[in-house]
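Please walk me through this structure.

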Amino acid sequence: MKAIGTAAVTAQVVLVVAGAPLLAGTMRQVRARMEGRAGPGVVQPWRDLRKLLRKEAITPIGTGPAFRVAPLLLVATTAVVAALVPLASTVTPVSGSADLILVVALLALGTVALALAGLDTGTAFGGMGASREMTVAALVEPTILLAVFALSIPTGSTNLSAIVSGGIHDPVRLASPAGLLATAALAVAVLAETGRLPVDNPSTHLELTMVHEAMVLEYAGPDLALVELGAQMRLAVLLGLLASLSAPWGIATTASPAALALALVLLTAKVALLGSALAAAEVFWAKLRLFRVPELLAGSFLLALLAVTASYFLTGE
Amino acid sequence: MKGAETAAVLAVGLAGAGALSGALLPRRARVIAVGLCTAGLGGAGLTAGLMASGGGRWSAHLPGLLPMAGVYLAVDALSGLFMAVAGAVVLAVAVYGIGYAGGDHARGVASRGVQAALPLFALTLVLVPAAASVSTFLLLWEAMALTSLLLVLADQRDRASVREAGVWYAVMTHLGLVLLLAGMALFAACAGGETFTALRAGASGMSPAARGTVFVLVAAAFASKAGMVPLHPWLPRAHPEAPSNVSALMSAAMVNLGAYGIVRVAFDLLGGAPRWGWLLVLAAGALSAVYGILQAAMASDLKRLLAYSTSENLGLVLIGVGAAGLFASSGYPVPAALALAAALLHVANHAVFKALLFCAAGSVVRATGLRDLDRMGGLRARMPATAGFFTVAALGAIALPPGNGFLSEWLLLQSLINGLTVPGISTAIVLPLAVAVIALSAGLAAAVFVKALGVGFFARPRSAEAAAATESPPGMLIGMGLLAVGCTGLALVPGMLGDGLSRAVAVAGLGSGPTLSGDGFELRLDRLAASMSPLWVAAALTAGLLAAAALIRITARRGRRANVKLWDCGGGAPTARMSYTATSFAEPLQRVFDDVLAPEQDVNVTPLRESAYLVERVRFQSRIPDRIEHRVYRPVLAAVTGLGQSARRLATGSVHLYLGYGFFGLVAVLLALAVGW
């Protein structure tokens, strides 16, 4: 029992670490094909990471411990989240601690670490990126926690395993107005948290539009590899979380090896599908102006608020 | 309970000794003697508080000490918690104060008056929660206000802004006292006795109107002490202008007593309050949380930023208190107990990290003479210990794991989410909004402390003062170290506080069983299926960090890191003037919240005399005034001044007129008596 739970956690973390660059590669490939380009192939991000990891580590003069620790912390927080979230199994040794608020807070910790690193460089770009990233992060927070609130109402708990297994046993709640609204709000929040279009353009290198890229401009070599890996892992974990919450079918609720294997395959498929859909949508989207982003986030906040009130008034009779 | 009595006597004795040595000894000896006495006093308070928090009760009646009424003191688990928090803060800050007041620059804070007032202020902080009658409480409350006022004014010879802050503080704290006096006097009159025991017994017989009036008066007074919007303008003035050790005591221990007062009077003495009253408390808390942190996000004065953050954190505490009252008044003690426990835990967490933040800010001010974040920078390399302590405290303040603030906010969110089981439209509307408010303030707090740490301590110095900074003396570092240990302890093993919190909640009349429990490693909510193990989270994060570091080590071709010039998109190492300042960091948030903040901007273009098209000088000024102060207080102040001016016409100096006033006054009183009775 316990061994399979531990295996599930390990498998989740390994799958996220190994699969995140492949997810990024798939998304770029989808995008390239839709734009009529050949594309570099799905494994290109892994080749990039290998190249960067072999380069010399560099400390820009004038930076301090915050700059050096931030990439490590970004990867570490995302790995802990990958272990906590029931991506493949709800019966793991850590499922008792898999609190949705804790997951949100850990991801925010990674953001804060990177923003501090951006300020630590003392360049105008670093400060600009940090300032923008913290602004967006601050405004996303109410949406995320209200969506958490809405999702936790049917179960009466913010424990992720309880929410996911509740969704498996009672699929009606996923298609309820509250469930759909909360998922939609969470989806917008995920776009903002991972710095995708229309909030931030991950492939931009134009100074005035950069958010995430501006913070990490000074990173090179292995540090840059970790930053890229961390960002890719974040996307993979958050898409996985979204998949677990909105379409939890296939996630193992018992400790059997066969169920776990099936769950891992399904997880890969679900995340790949979500990622491809996002990449396809991004072809048609333009980046919003920075000061229009709050409007988008206010819209998603409204969705989350509606989700909470809907779940109260529609089920709380 | 013998131990608590000894501790209390010891605390009073040490305060007296400290005050005497502060007034009489020469400077160097004075600072050390006062620091040691105050630290001992804090230790005694901590001990007494922990004993009471552990379940001991102690009460005393000293009839000879105060004419007519005598002094009543009583300690239970609720007052014990606040005494322990105040005692711990006093202990650490007193040690810090020895170093802080010892330097040559600290003329104001090392003066006789200030050093004599410091132990007395510390004593009132520890003793206010122990007061058990209206007169004792009011006496200690006023003593606290007066001694803190003296301390705020320590540097009044150096800066005019200190005097202004002192006036604001004196007026607002005494308006609060008037409200408190009226409320408590009404309560005592209705209940037929002034000891807390008599109040408790008499409260059930009061009419709803009287209960409502008492609640509103007392809650407004306590809310103003806690710095709640819109009664807050004294706080962002007095806390920054006071010497930093005093700011730490005020922000970490004194404002807590506002929350204590509401819990004690409304829950314990009144035995509950009307639903609308609790909604008011909740609304005030929510408003303060968002407004406070938004102003902090705009502030570029480090201590002003911290003061506004105090307003925010006490707002979060009052959200918990208000929610607890709301649930209790609907007859749901379980979520109520949880919300109150969350509020009390946040009081403890906030006290420790805010004391540390103010102490670290004091170190910076002492080393650089700067409070303006825009001119700091690069302090990490020059004051590594201070920067480290500030980081620990800021991690607590941003409410992210593994900081200590995360746990209390998590608990608060849990209580609100589970509070939705309480029926009623008001909870269905209020609770989601409260969750959103907590989330927004947590998100903004992250931005605020990233700004304070990243702009103030990281990167390169932006002024000569910051470049010349040196690390603080050992006394200050030891004091900050004690607080950092407190932060870490609360962050990693909060389960230790579980029993004390459960007992304090039981004193407030909510839930008799355990609300929280924990074996040190885990915090469990006994009636809900929720638990949190901060130690394991920290361990997992550390393991992740080590794994990532190992990955780099293994794959790297070359072991050494190379130091190179900053790239900056090919621009090379930028000068300090090119880097982001606190003001520029806050600019996006300022634009987003433009309608709320109403920033004022002035551009003055002075052309050359020869031609209007050639510019000699452009002056740009941007200010973000406290809008509530501008819109609410300024008109009232102007109206009062106007009234005062026009009242001068009543007193022209003519003796005949004054005799006439006397005559008509007498006639009016006689007429009123004749007609009325």
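**A covered helix in chain A**

In α6(A), the buried residues are A:L160, A:S161, A:A162, A:I163, A:V164, A:G166 and A:G167. A residue is buried if 20 or more other C-beta atoms lie within 10 Å of its own, exposed if 12 or fewer, and partly exposed in between, with C-beta atoms placed from the backbone. Helices (H or I, at least four residues) and strands (E, at least two) are DSSP runs, numbered from the N terminus. Helix α6 of chain A covers residues 160-169 and is mostly covered, with 7 of its 10 residues buried. What covers those buried residues includes α4 (100-120), α5 (124-152), α7 (172-175) and α10 (221-246) of chain A.

This is a predicted model: local features need pLDDT of at least 70, side-chain atom pairs count only at pLDDT 80 or more, and totals for chains, interfaces and linings use all residues. Residues are numbered from 1 along each chain as its sequence is written, while chains are lettered from A and ligands numbered from 1 in the order in which they are written.

**Further along chain A**

Now take helix α8 of chain A, residues 177-193. How far apart should its ends be? At 1.5 Å a residue, its 17 residues should span 24 Å, and the end C-alpha atoms are 24 Å apart, which agrees. The expected span is 1.5 Å times one less than the number of residues. α8(A) is mostly covered too, with 12 of its 17 residues buried. Among them are A:A178, A:L181, A:A185 and A:E193. After the helix comes A:G195, whose phi is positive, near 65°. Then look at the peptide bond from A:L197 to A:P198: this bond is cis, with omega near 5°. A:P198 sits in the loop between α8 and α9 (212-215) of chain A.

A:L262 belongs to helix α11 (residues 257-284) of chain A. A:L262 and A:I251 are 11 residues apart in sequence and 8.1 Å apart in space, C-alpha to C-alpha.

**Where the chains meet**

Turn to the contact between the chains. 66 residues of chain B are in contact with 68 residues of chain A. Contact here means that the C-beta atoms of two residues, placed from the backbone, lie within 7 Å. On the chain B side, α15 (379-382), α17 (404-418), α18 (425-456), β5 (530-532), α22 (534-555), β6 (562-564) and α23 (582-592) each supply at least two residues. The largest share, 15 residues, comes from α18(B). By class, this side has 48 nonpolar, 10 polar and 8 charged residues. Ala, Val, Leu, Ile, Met, Phe, Trp, Tyr, Cys and Pro count as nonpolar, Asp, Glu, Lys and Arg as charged, and the others, Gly among them, as polar.

Strands cross between the chains as well. Strand β1 (residues 58-60) of chain A and β6(B) run parallel and are joined by 3 bridges. Strands pair if DSSP finds at least two bridges between them. A:T59 stands opposite B:N563 in β6(B).

**Inside chain B**

B:M476 lies in helix α20 (residues 474-492) of chain B. B:M476 is buried, because 29 other C-beta atoms lie within 10 Å. Leaving aside neighbours within four places in sequence, B:M476 is in contact with B:Y96, B:G99, B:Y100 and B:S363. B:M476 and B:L433 are 43 residues apart in sequence and 42 Å apart in space, C-alpha to C-alpha.

Two loops in chain B deserve a look. The peptide bond from B:P401 to B:P402 is cis, with omega near 0°. B:P402 is in the loop between α16 (384-397) and α17 of chain B. B:A459 has a phi near 60°, a positive value in a residue other than glycine. B:A459 lies in the loop between α18 and α19 (464-467) of chain B. B:A459 is buried, with 30 other C-beta atoms within 10 Å.

**The strand pair**

End with strand β7 (residues 600-607) of chain B, which is hardly covered: among its 8 residues, the count of buried ones is 0. 8 bridges join β7(B) to strand β8 (residues 615-623) of chain B, and the two run antiparallel. Within this pairing, B:V603 has B:F620 in β8(B) as its bridge partner.
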